[in-house]
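I opened a new structure today and kept notes as I went.

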Amino acid sequence: MDKDTSIHDLTPRRKLAFEFDEEKEEELLGNGGSERLINERHSIISEEKIPKIGMEFDDEEAAYTFYNEYAKVVGFSIRKHALRRDNKGTIIDRIFCCPCQGHRQKDKRDVHVKSHRPETRNGCLAMMRIDGRCTGKYKVVSFVASHNGHDLVSPTKTHFLRSHRSITAALASQADDLDSS
Ligand SMILES: [Zn+2]
């Protein structure tokens, strides 16, 4: 695979950063239950790394990073979902969820859609929700640990998942911002 990369390697390959390998992600996530696995993986994480209601973060980004690190150990990828802002534009409420959350809308695999994604959404409810209204900090107000409809990825393979790829994590996060605002 690397045999003819010598020339191309001289050219910056920035575009690659946007090309998430979603088929790979789908293959990794697979299908099947994961409750047993969740418990198993929780048992190897220290308590303070597992989200809990009432946990506080200085800002939304810190909450994202925390949940993403948790997800990396447990074996899934995260994305930013719904958000609400106050009239000054400050985020007051944000949900981070599993990429398997929700269902694809019908006809989204239209040929005119440039980068259509394989169906990886299957209604998974895993999420962490933060609220910044009360104390100026962002507090975890709900957390769903279990994933439904898909397996977890082995922690040794989570670096293949979108939110854990070091080059793409920031971009993934930005893309989600655009998606959900
Ligand atoms: Zn999930």
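My entries follow, from the whole chain down to single residues.

**Entry 1: the whole chain.** I noted before anything else that this is a predicted model. I read their order from the N terminus as α-α-α-β-α-β-β-β-β-α. I also looked up burial. Of the 181 residues, 24% count as buried. Next came the contacts between residues at least 6 apart in sequence. I found that 64% of these join residues at least 24 apart.

**Entry 2: the core.** I asked which residues have the most contacts inside the largest nonpolar core. They are Tyr67, Ala71, Phe76, Ile78, Phe96 and Cys98, in a core of 20 residues. Helix 4 gives the largest share, six residues.

**Entry 3: helix 4.** I turned to helix 4 itself. It has 15 residues. From first C-alpha to last, helix 4 reaches 21 Å, close to the 21 Å expected at 1.5 Å a residue. I listed the buried residues of helix 4: Ala63, Tyr64, Tyr67, Asn68, Tyr70, Ala71 and Val74. Why do they lie on the same side of helix 4? They cover an arc of only 160° around the axis, so they share that side. I also looked just past the end. Gly75 follows helix 4, and its phi is positive, near 115°.

**Entry 4: Cys98.** I went back to one of the core residues with the most contacts, Cys98. I left aside its neighbours within four places in sequence. Cys98 is then in contact with Phe76, Ile78, Cys124, Ala126, Met127 and His147. Phe76 and Ile78 are also on the list of core residues with the most contacts.

**Entry 5: Ile38.** My last stop was Ile38, in helix 3 (residues 35-42). The list is Val74, Ala145, Ser146 and His147. Val74 is one of the buried residues of helix 4. His147 is also in contact with Cys98. Ile38 and Ser146 are 108 residues apart along the chain, yet their C-alpha atoms are separated by 6.6 Å.

How values were computed
Residues numbered from 1 in each chain as written. Predicted model: local features only at pLDDT ≥ 70, side-chain atom pairs only at ≥ 80, totals over all residues. Core = buried A, V, L, I, M, F, W, Y, C linked by C-beta atoms within 7 Å. Buried ≥ 20, exposed ≤ 12 C-beta atoms within 10 Å, placed from the backbone. Helix = DSSP H or I, 4+ residues; strand = E, 2+ residues; numbered from the N terminus. Contact = placed C-beta atoms within 7 Å. Expected span 1.5 Å × (residues − 1). Arc of directions from axis to C-beta.
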